[in-house]
Amino acid sequence: MGARAACLRGATGFGGGGRGVHPRHVDVRFVGPDRVMLQRPWRAAIVELRLMECAMVRGFPLRRGRRLAPGWWWSATTGRLVGYGSAAMRDAVMMLDQDPQVVGLVSRPVEFVWEERGRIVTHAPDLAVGMGDGGIRLVDCPGSGGPSARLVGRARVVGACAREAGWEHRFADSADPVALANGRWLSVYRHPRCSVGIPAARLRGAFARPTALGEGALRLGDPIATLPAVYHGLWNGLLSMSWGCPLSEETLVTAVPAGRRKQPKR
């Protein structure tokens, strides 16, 4: 993924359960096209699953003591709502939503089911991410404390199943604090309405060479009216900057050549 995205790391190398569970012994639950919950053997389900079109198979519980309640994120990538159940997951969704390599994003579209040590175990990965190269990534968002041994064990089984489908499983790490702060600011301007009135060609022309953000916005007109379009351009990849530096009017911004960014859903 791009440098702006939350880091993703594989499950290999951790302790925990899940050892010896083969994908042929795993089922998967998902919501079918008629909105009915289905359960199929994993190997059979692979051929019929349209992961990016699946509804959420299981919601996120409301837990006492948490500062953030479960909620919904409007995705500029898909034009749809993506559910989240924690602050870590919300931040991961946000950073993935503006990654130029990400073209699909859904929360908990499948739940894996298997038997382990005489009991039924289930796990629904937090996110499924569609990549521009056609790949699929199942992502879990454990938060700053990292994955528990139980989650690692379940991820080991999910990862083995994902590999059979040509997918992969990852844990989402916390993004760089500065990049995260920039993302939170720019995400306010992610909706296409923020670019209304300033054509992409004109926006690209104002930043044809590295230009301070404030100076470029002034070239386009009254900054009160033009800054939302500049912020939107930075969010959707029309413009680029160093995400590792705090966003300010002095931030150097450069236009991205046409054809090198994903096309947002409108």
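In what order do the 4 strands of the open sheet stand? The order is S3-S2-S7-S8, and the pairing is antiparallel. The model described here is predicted.

## The four-stranded sheet

Strand S3 (37-41) and strand S8 (119-123) stand at the edges of this sheet. Each has a single partner strand, so one side of each is left without a neighbour in the sheet. Neighbouring strands are turned by 25° against each other on average, direction ignored.

Helix H3, residues 149-164, packs on this sheet. H3 touches S7 and S8. The direction of H3 makes about 75° with that of S8.

## Strand pairs within the sheet

Take S2 and S7 to begin with. S2 covers residues 27-31 and S7 covers residues 111-116. They pair in the antiparallel sense over 3 bridges. Asp27 has Val113 in S7 as its bridge partner. Arg29 stands opposite Glu111, also in S7.

S2 also pairs with S3, again in the antiparallel sense, over 5 bridges. Here Phe30 has Leu38 in S3 as its bridge partner. S2 and S3 form a hairpin with 5 residues between the strands.

Most residues other than glycine have a negative phi.

Where do the two arginines sit? Arg35 is found in the loop between S2 and S3. Arg108 is found in the loop between strand S6 (102-107) and S7. Are they buried or exposed? Arg35 has a relative accessible area of 62%; exposed means over 50%, so Arg35 is exposed. Arg108 has a relative accessible area of 10%; buried means under 20%, so Arg108 is buried.

## The three-stranded sheet

An open sheet of 3 strands runs in the order S12-S14-S13. Its pairing is antiparallel. Strand S12 (211-212) and strand S13 (239-240) stand at the edges. Each has a single partner strand, so one side of each is left without a neighbour in the sheet.

S13 and strand S14, residues 252-255, pair in the antiparallel sense over 2 bridges. In this pair, Ser240 has Thr254 in S14 as its bridge partner.

## Helix H4 against helix H7

Two packed helices are described by the angle between their axes and the distance between the axes. Helix H4 spans residues 177-187, and helix H7 spans residues 223-236. Their axes come within 9 Å and cross at roughly 125°. Angles over 145 degrees count as roughly antiparallel and 65 to 115 as roughly perpendicular, so H4 is oblique to H7. H4 passes H7 in a left-handed crossing.

Which residues make the contact? From H4 come Gly183, Trp185, Leu186 and Ser187. From H7 come Tyr231, Leu234 and Trp235. By class, the contact has 5 nonpolar residues, 2 polar and no charged.

## Helix H2 against helix H4

H4 also meets helix H2, residues 87-97. The axes of H2 and H4 come within 10 Å and cross at roughly 75°. Angles of 65 to 115 degrees count as roughly perpendicular, so H2 and H4 are roughly perpendicular to each other.

H2 contributes Arg90, Asp91, Met94 and Met95 to the contact. H4 contributes Ala179, Leu180, Gly183, Arg184 and Ser187. This contact divides into 4 nonpolar, 2 polar and 3 charged residues. Gly183 and Ser187 of H4 take part in the contact with H2 and in the contact with H7.

## Burial of helix H2

How many of the 11 residues of H2 are buried? The number is 8, and H2 is mostly covered. The buried residues are Met89, Asp91, Ala92, Val93, Met94, Met95, Leu96 and Asp97. Asp91, Met94 and Met95 are buried, and these residues also belong to the contact with H4.

Conventions. Residues numbered from 1 in each chain as written. Predicted model: local features only at pLDDT ≥ 70, side-chain atom pairs only at ≥ 80, totals over all residues. Heavy atoms only, no water. Pairing = 2+ DSSP bridges. Axes fitted to C-alpha atoms, helices over the stretch in contact; angles between N-to-C directions. Contact = heavy atoms within 4.5 Å. Parallel < 35°, antiparallel > 145°, perpendicular 65-115°, else oblique. Left-handed = near helix turned anticlockwise from the far one by under 90°. Nonpolar A, V, L, I, M, F, W, Y, C, P; charged D, E, K, R; others polar. Buried < 20%, exposed > 50% of the residue type's maximum accessible area, 1.4 Å probe, protein only.
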